[in-house]
Amino acid sequence: MTELKELFVSFIDAGNGLLWGSVLIYLLIGAGLYFTFRTGFLQFRSFGHMFELIKGSREGADGGISSFQAFSTSLAARVGTGNMAGVAVAIYLGGPGAVFWMWITALVGMSTSFVESTLAQAYKINHKDNTFRGGPAYYIEKGLGQRWLGIAFAICLIIAFGLAFNGVQSNSIAAAMNTAFGTDNTWVGVILALATAPIIFGGMRSVAKVAELIVPFMAIGYLVVAFYVIGINITLLPDVFGTIIGSALGFEQAAGGAIGAAMMQGIKRGLFSNEAGMGSAPNAAATATTRPNHPVAQGYVQMLGVFIDTIVICTATASIILLSGMLDTDSGVTGIALTQAALVEEVGAWGAGFIAIAILLFAFTSLIANYSYGESNIEYIFKSKKAINVYRVAVLAMVVIGAVVDLPTVWAFADLSMGMMALINLVAILALSGIVFALLKDYETQRKEGKKPTFDRTKFPKLDKQIDKDVW
């Protein structure tokens, strides 16, 4: 039995090493560059339009899930412990230059997010309750005609996001609360499960409403503290950014390693944080009732989520750490402990408690958003209310278990599942990207003509045969 377990662990480690050490890094960056060029650097030339769409994104849902609620749900999943702990690990292992490569990853990944979210909108289905469902599993089946591959993607997502990563979020909350306030991990897990239950049993609308309320509040609160730290150290900021860029480009030795370490850590942590290309966020994007009524509109909105997650929030964490002077690669202090130590250095003892509360909000919203992704894919496979209820109970069990037990093998298996779902999704969106380019051209043509873009499926004969006529 022990030998079998060791063999299983070795298989998982080898799979993760192959996927995350080489294949996915190059495929994600390569796909992002391809989409960036093919859309004419959309994320840069249409940057202002993203904010224009956000302004009116809370309207027009008519009892369904608004564009802003879908955006908040995906941002809830993106913005988690990785924005505080992950950034600290990247800087500790790769030096300040890792931050630069996180930026590059996000800027390139914005175009990938646009493509996958636009596809999710185009291929979404009518849920018959004034809401929609969709995501990679759906556009793989409808666009590529491969239901078996859609099911394979759905299974990988359910394992990674639906179950294991919810245990990770619970574990992070329990650890942070214990460090800051001495709370008992078991009770934290039970309380989390009790708080989560009414939200997830309320369905997708409930998740979207909670995300809409908490996500802006938590993001703004964290950024206010970060901007305060930047403000009191404003004279040091040019040197910090100089160090980041110099370390990234090899002008000076990066702390913890040379340029290769900075690049690898920055790219890997950036991809983990913003999830562009992973196939997770499109599950939220598909639920939105968009205004204007065109698939491309939600593509723009979701693209902004990558920017906020990495360029804004991850940079805020990096600034706190680098301005504090607490980075010491010989100390062994990394992850969330490094972020807490940095903030305590800048604002005093209350900084540790603030980080604990921030993690509570970041991880809790990630938990319910991850649940929603799983629900959509459970429904895709089984089309059964009973299956969804079983899944809900399993999620609550993982919340309690995750708070009290550290299961590194389970988390490693989740990484492998996420890697596989990313691989499947990237192949699918590359194969279907021609549809997105055509939709984008249609959207931009209508804007240039002074019209409010509206999707007319008869302009796209091939797409018209594949999409749900009850939606478009």
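The model is predicted, so local features need pLDDT of at least 70 and side-chain atom pairs count only at pLDDT 80 or more, while totals for chains, interfaces and linings use all residues. Residues are numbered from 1 along each chain as its sequence is written, and side-chain values use heavy atoms, leaving out hydrogens and water.

**Largest pocket**
- The largest pocket holds about 980 Å³ of space; a pocket here is an open set of points on a 1 Å grid over the protein atoms alone, where a 1.4 Å probe fits, with protein on both sides within 12 Å along at least five of seven lines.
- It has 36 lining residues (those with an atom within 4 Å of a point), and Thr-81, Gly-82, Val-168, Ser-172 and Arg-269 sit nearest its centre.
- Helix α8 (a DSSP run of H or I, at least four residues) gives the largest share of that lining, 9 residues.
- By class, the lining has 17 nonpolar, 13 polar and 6 charged residues.

**Second largest pocket**
- This one has a volume of about 260 Å³.
- Among its 14 lining residues, Phe-71, Leu-75, Pro-216, Ala-219 and Ile-308 are the closest to its centre.
- Its lining has 13 nonpolar residues, 1 polar and no charged ones.

**Surface patch**
- Leu-33, Phe-37, Phe-41 and Phe-44 make a nonpolar surface patch of about 410 Å² (residues with over 30% relative accessible area and no salt bridge, nonpolar side chains joined within 5 Å).
- Phe-37 belongs to helix α1, residues 2–38.
- Phe-37 counts as exposed because its relative accessibility is 57% (exposed means over 50%, with a 1.4 Å probe and protein chains only).

Conventions
Patches are made of residues with over 30% relative accessible area and no salt bridge: like charges are joined within 9 Å, nonpolar side chains (Val, Leu, Ile, Met, Phe, Trp, Tyr) within 5 Å. Accessible areas come from the Shrake-Rupley method with a 1.4 Å probe; for residues, only the protein chains shown count as cover. A salt bridge is a side-chain nitrogen of Lys or Arg within 4 Å of a carboxyl oxygen of Asp or Glu. Helices (H or I, at least four residues) and strands (E, at least two) are DSSP runs, numbered from the N terminus. Buried means under 20% relative accessible area, exposed over 50%, partly exposed in between (1.4 Å probe, protein chains only). Grid points are joined across faces, edges and corners, and a volume is the space filled by probe spheres set on the points. Ala, Val, Leu, Ile, Met, Phe, Trp, Tyr, Cys and Pro count as nonpolar, Asp, Glu, Lys and Arg as charged, and the others, Gly among them, as polar.
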